[in-house]
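Try each one yourself before reading the solution.

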Amino acid sequence: MNIVSGLLDPGDALHTDAGEAAEAWEARGALFAISLITWSECRVGAIRRGPAAEMALHRFREAGLDDVLLPSEATAEAAAQIRAGDLSVRVPDALILATAHESGATALLTADRKLAKISPGLVELIRPS
């Protein structure tokens, strides 16, 4: 589950939990980045919802994100290793996790329990209310 969607949509099951997690990390002075894969998924949702959602996502990008991380060949290799270890992990999810690892991220905020099992030291699990 995408926490960016949770942050932007008050009706999303993750809205409260995602907001609380983002506020806690912001209080620690954290920088916020997402992978290009996550950004693409967010764009798909915004495009499908229409101009107001696209504008909200644009405002979020400008105000809330410090960076969009581009996957590299090393990221693709790391994602392949993750997926080879568990074929039930979707390629986009493996790429998102690998991007976090390769970028040196302190934490990956997600509601995806599978990613939390793969990388418990990196993944901070956000639970729906």
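**Exercise 1.** Is alanine 13 buried, partly exposed or exposed in this predicted model?

*Solution.* Begin with the location: alanine 13 belongs to the loop between H1 and H2. Next, take its relative accessible area, which is 42%. Buried means under 20% and exposed means over 50%, so alanine 13 counts as partly exposed.

**Exercise 2.** Classify threonine 38 and leucine 87 by their accessibility.

*Solution.* Find threonine 38 in helix H3. Its relative accessible area is 10%, under the 20% cut-off, so threonine 38 is buried. Leaving out residues up to four places away in sequence, threonine 38 touches Asn2 and Ile96.

Now turn to leucine 87, in the loop between helix H5 (73-85) and helix H6 (91-103). Its relative accessibility is 63%, over the 50% cut-off, so leucine 87 is exposed. Leucine 87 and isoleucine 126 are 39 residues apart along the chain, with 23 Å between their C-alpha atoms.

**Exercise 3.** Describe helix H2: its span, its buried residues and what covers them.

*Solution.* Start with the span. H2 covers residues 15-27, which makes 13 residues. From first C-alpha to last, H2 reaches 18 Å, close to the 18 Å expected at 1.5 Å a residue.

Then look for the buried positions: Asp17, Ala18, Gly19, Ala21, Ala22 and Trp25. Their cover includes helix H1 (3-8), strand E3 (108-110) and strand E4 (123-125).

Glycine 29 follows H2 and has a positive phi, near 85°. The charged end of arginine 28 sits over the ring of tryptophan 25, 4.0 Å from the ring centre. As for pairs of aromatic rings, the structure holds zero.

**Exercise 4.** How do helices H3 and H4 pack, and which residues make the contact?

*Solution.* Two packed helices are described by the angle and the distance between their axes. For H3 (residues 36-49) and H4 (residues 51-64), the angle is about 150° and the axes are 7 Å apart. H3 contributes Trp39, Cys42, Arg43, Ala46, Ile47 and Arg49 to the contact, while H4 contributes Ala53, Glu54, Leu57 and Arg61. Sorting these contact residues by type gives six nonpolar, no polar and four charged.

Note on methods
Residues numbered from 1 in each chain as written. Predicted model: local features only at pLDDT ≥ 70, side-chain atom pairs only at ≥ 80, totals over all residues. Heavy atoms only, no water. Helix = DSSP H or I, 4+ residues; strand = E, 2+ residues; numbered from the N terminus. Expected span 1.5 Å × (residues − 1). Buried < 20%, exposed > 50% of the residue type's maximum accessible area, 1.4 Å probe, protein only. Contact = heavy atoms within 4.5 Å. Phe/Tyr/Trp six-rings, centres within 6.5 Å; stacked < 30°, edge-to-face > 60°. Lys NZ or Arg CZ within 6 Å of the ring centre and 35° of its normal. Axes fitted to C-alpha atoms, helices over the stretch in contact; angles between N-to-C directions. Nonpolar A, V, L, I, M, F, W, Y, C, P; charged D, E, K, R; others polar.
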